[in-house]
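Q: Please take a close look at one strand in this model. I would like its surroundings, its pairing and its place in the fold.

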Amino acid sequence: MRQFLIILALSFVILAAGGLYKVKHSVENRRAHLAALEQQILDDSEAVRVLEAEWAYLASPQALQDVSVRTLSLRPVTPDQVLASLTSLPYRMEGRLLAQATPDKRVGDDIFHVPSPRHKPVAPALPQPEMPQAETPDRYAAADHRLMADDLQAAVNRAAFKVRAPSPAEVETKRDPVDFAARIQRSLDQIGGQR
Amino acid sequence: MSLRVSLDGARATAIEKARQRLVVVAVMFGVVFSVMALRIVDLGLFQAVSETRYAAQSFLTPTALRADIVDRHGVVLATNLKTASLYADPMRILEPEQVAAKLSRLFPDLVEAQLLQKLQGNGRFVWLKRKLTPKQMWQVNALGLPGLAFQEEEERIYPQGRLAAHVLGFTDPDGRGLAGVEHYFDARLSDMDKVDEPLALSVDVRVQHALMDEVQRSVDRFSAIGGAGLVMDVRSGELLAMASVPDFDPNEPAASPEQAFFNRASQGVYELGSTFKAFTLAMALEAGTATIASHYDASEPIKVSRFTIRDDHPQNRVLSLPEIFVHSSNIGAAKMAMEVGTEAQQDFLSRLGLLRPASLELAEVGHPLVPDRWRDIATMTIAYGHGIAVSPVQLASGLSAMVNGGDLHPATLLVKSADQKAKGRSVISEKTSATLRTLMRLVVQKGTAQQADVPGYRVGGKTGTAEKAVGGGYARKALLSSFAGIFPMDDPRYLVFVMIDEPQGIKSTWNYAGGGWTAAPTVADVILRIAPLLGVRPHEEDNGPFQQAAFVIEDSRKKP
């Protein structure tokens, strides 16, 4: 009986020691894993910072305006292009308000389905005060020139909006000389390098 | 197989006693140990800290040493990024000549002789090159030279470049704020407990860019020496944009000349001219010395000692109160102010916060210049904005109070909470404010600022054209042209102020350089760009019948 107890106790001790070793080992592993994860989180959050900075740089209004002036022919939205409210839509030819129209079964129950107008709405130029010809170059002149090349001048004529944009020369000089992309790239590379 | 020994007598009693004691002690130990064992089982199995809780407890060092600055919509205006700098320990450099040669080949901008001098020095630390790119860092490591090491540093980056440079300010290489918000909130930004919470400004980058772009364009167009602009929420005093030209790049502050750091919008104090007539009118209406039906004789210039007060747009007749405002009559405003009196004027301007510096969150806030002795002539000239110099921020706060129903909100660069917004100090009555709204709209419809009109947005405002004080007198040709526009005038939301410093008239303005010709069209351009961004709806009735026709929808599926 006593021997049995001793053997039982000894085997418990061996089991406990083995178990403790295993637990300790796995805890160490997990701790290392945790440290790696924490490092990963730190690296990632640093990368997020860099990406946020890069996003803010690339999406800065100045950058967007430069791209817009270079590639598009967009101008500030004039008040006559803004619909103040749905009710300011005029009556249909049939004499019913669009929003009150009976649901069209062909397009489901979407009563707000707005058939797209076939012709582009034409906003005639507002009467402008008599002004002498401006001696400063027109800001959107360059953009218009490109449009003409793309045979889109007709669209501009139809729209007949007020014409204003910085010239490409103005845009070139305004861009700050700091090599921002290089700086951000530098930080990006560094985070990559640290892993 | 146990051995039993029995003893007799006193000995037996003693041993029995000892055994009982041992049993007591053993039981006590047993109880304590079993409690401990149970507690261990309890802790291990039932009280285990869940992994998520443990993860939340784990300590993560913050990634930056300085909090970010963001705009009112969370767009990053200033942030910290990591970078590495190269230093050397001259004691551990084995062959300084060789090291200097190799490094100067790697960095052409480092002079070999200077490097050698540094490397042969006696110190234990010398900077070789700050802020390396990761590629350069790798190249230095690839040289495999002992005694060279990197120090990880942080660099303050302003991704928006020049945008809002005067609001943000800049930091020195060690990350201490030297100007603007960076300086004013230096303690808050470098507080390690709050480093993860960005500082949100009331600035809106889109509005800021539109303002910046237009002010810069006007300054270039009129060959002016500078300009300033403000966009303020008239209901709360929040500044959505603040621009000053010339500006600088906070990423490279050293590259800009000294005068570029001057913030004309908050630091500069100017005699802003006729814009002050709005205050004079409000004061007279509040004091009851004038009503909207009052008339003042503006046919003769006023002569006071050696001064003569003339009108810039002389009508040479008796003017009604709206006419005085619309034609910007100095004579009328001066007479109106004299009726109210010097003391009342002082008191009124003081209540509007025009006699002490604005309470703006910037280090660069200018002190207004007021007359030492407030004589009659001062009362008269201040009535039309001469003889008192205030900063554009002060003027904007004052004018906001004139149109928003009479509540003065101090100008701020931080986003206000709803109950902070409600807290305004009443300075004029709602009725006077309504009258001024009408008059300001009239100035744009019929008066000096017709070029500020943007159909649909109901712009109102007041031009100001001041001659700059030079020496003892005023320079006729050096003007300070400004316009404060507020829109929409039936329910004012935003104030746009533009000031052009010494504009030169050009052919398309018939060589005029006054506020109506320079600043007013700039304000119109700004409003045209920012009103859709700020969600201000144009009034459809201001559009012609053409718009109505343009929106008529043709149903393509219904064939007649």
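A: Strand β16 (residues 494-501) of chain B is largely enclosed by the rest of the structure, because eight of its eight residues are buried. Buried means that 20 or more other C-beta atoms, placed from the backbone, lie within 10 Å of the residue's own; 12 or fewer make it exposed, and counts in between make it partly exposed. Strands here are DSSP runs of E with at least two residues, helices are runs of H or I with at least four, and both are numbered from the N terminus.

This is a predicted model, in which local features need pLDDT of at least 70, side-chain atom pairs count only at pLDDT 80 or more, and totals for chains, interfaces and linings use all residues. Residues are numbered from 1 along each chain as its sequence is written, while chains are lettered from A and ligands numbered from 1 in the order in which they are written. Chain B averages a pLDDT of 87, and 92% of its residues score at least 70. That score is the predictor's confidence in each residue, from 0 to 100. For the complex, the predictor gives an ipTM of 0.73 and a pTM of 0.72.

Both faces of β16(B) are covered. One side carries B:Y494, B:V496, B:V498 and B:I500. The other carries B:L495, B:F497, B:M499 and B:D501.

Now the pairing. Two strands pair if DSSP finds at least two bridges between them. Strand β6 (residues 226-233) of chain B runs antiparallel to β16(B), and eight bridges join them. Within this pair, B:M232 has B:L495 as its bridge partner. Strand β15 (residues 473-487) of chain B also pairs with β16(B) in the antiparallel sense, over eight bridges. Here B:L480 stands opposite B:D501, and B:S481 stands opposite B:I500. A hairpin of six residues links β15(B) to β16(B).

These strands belong to an open, antiparallel sheet of five, in the order β7-β6-β16-β15-β14 (chain B). Its edge strands are β7 (239-245) and β14 (460-470) of chain B, each pairing on one side only. From one strand to the next, the twist averages 10°. Angles run from 0 to 180 degrees between N-to-C directions of axes, which are lines fitted to C-alpha atoms, for helices over the stretch in contact.

A helix covers part of this sheet. Helix α9 (residues 205-221) of chain B lies across β6, β7 and β16 of chain B, at about 25° to β7(B). Contact requires C-beta atoms, placed from the backbone, to lie within 7 Å.

Definitions and conventions
Two residues are in contact if their C-beta atoms, placed from the backbone, lie within 7 Å.
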